[in-house]
Amino acid sequence: MRFKLIIVLLFITSTLIAYDFSMINLINPSGLKAKQGELMIRHRFYGDITDEPLNNFLGMDAGANINLSARYQFYRKAEVLLSYSRRQSEKTCGLAYRLDIDDVPVYGQLGVNYFSYEELSQSETTRHNFFYYLSLQNEELFDRIVATLNAAYDGYNERFVPGFGFSVKLIDSVSLLGEYYPVLDRNSAGKELTQYIGEEDAFAIGLKFDTYGHQFTFLLSNTDDVGLRRVSLGADKDSYLKLGFNIQRRMEY
């Protein structure tokens, strides 16, 4: 784990030119062009960063939840997504379409994902359904501030899923990110909910480094889940902060 982090740090350069206003777990409207793709690694360590941080190397020795994903814009504004997460062997495939409205300083993306995961404690282990979402982002305010809104529906758990975030450019190649995923149905979901809802809302903060063709994000979060659907289920009460990172690489075809 330590070696991986060192390698990531070595790849950060001073060049800029980002291709997406990407976030931590929120879905952002795509900045790819036709016949461009992206590979992404998302890593969430399990350990508490404050629990013997030197011995446990900021919680990295406790293992990690890993997500690998790829997306490709096969036609102008239309994309396909494939994703795999280590936790519960969750697999996802999806389609998305970017929305641009003339003379409106907000753009968006509509998408639908089919997902399946394994619930080994149940008699029928494989669970699957659809996840529908709308993502909205504003054009940069003052060349620095971008807000992101996600509104989604989890077909398996039959619940509305919101998420909010911001990106503030500190310098040309470095941005501060913040995200919050409120659980609106914690009291009303009751026994009907098929997955556990945490007692606290999940959140994440991070620093993103933009380079030519790459984006690196280093983050702290109170959950080690990955992606909007999973983090929208909340976090355990008094959950400790965990370290994580995202690596994104744009590909030309």
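Good morning. Serine 83 stands opposite threonine 92 in E4. The model is predicted, so local features need pLDDT of at least 70, side-chain atom pairs count only at pLDDT 80 or more, and totals for chains, interfaces and linings use all residues. Residues are numbered from 1 along each chain as its sequence is written, and side-chain values use heavy atoms, with hydrogens and water left out.

I turn to the overall sheet. Twelve strands, 12 in the record of pairing from E1-E2-E3-E4-E5-E6-E7-E8-E9-E10-E11-E12, form a closed barrel with antiparallel pairing. On average, neighbouring strands of this sheet are turned by 20° against each other, direction ignored; axes here are lines fitted to C-alpha atoms, for helices over the stretch in contact, and angles run from 0 to 180 degrees between N-to-C directions. Strands are DSSP runs of E with at least two residues, numbered from the N terminus, and two of them pair if DSSP finds at least two bridges between them.

Let us follow part of the barrel. Strand E3, residues 78–85, runs antiparallel to strand E4, residues 90–100, and eight bridges join them. E4 in turn pairs with strand E5, residues 106–118, in the antiparallel sense over 10 bridges. Within that pairing, leucine 95 has valine 112 in E5 as its bridge partner. The hairpin of E4 and E5 has five residues between the strands, and there aspartate 103 takes a positive phi near 65°. E5 and E6 also run antiparallel, joined by 13 bridges, with tyrosine 117 opposite arginine 127 in E6.

Next, histidine 128, which is found in strand E6, residues 126–138. Leaving aside residues up to four places away in sequence, histidine 128 touches Tyr114, Phe115, Ser116 and Tyr156, where contact means heavy atoms within 4.5 Å. Tyrosine 114 is 14 residues from histidine 128 in sequence and 7.4 Å from it in space, C-alpha to C-alpha.

Finally, the largest pocket. Its lining has 17 residues, of which Arg87, Tyr196, Asp225, Gly234 and Asp236 lie nearest the centre. A pocket is an open set of points on a 1 Å grid over the protein atoms alone, where a 1.4 Å probe fits, with protein on both sides within 12 Å along at least five of seven lines; lining residues have an atom within 4 Å of a point.

Terms used: Helices (H or I, at least four residues) and strands (E, at least two) are DSSP runs, numbered from the N terminus.
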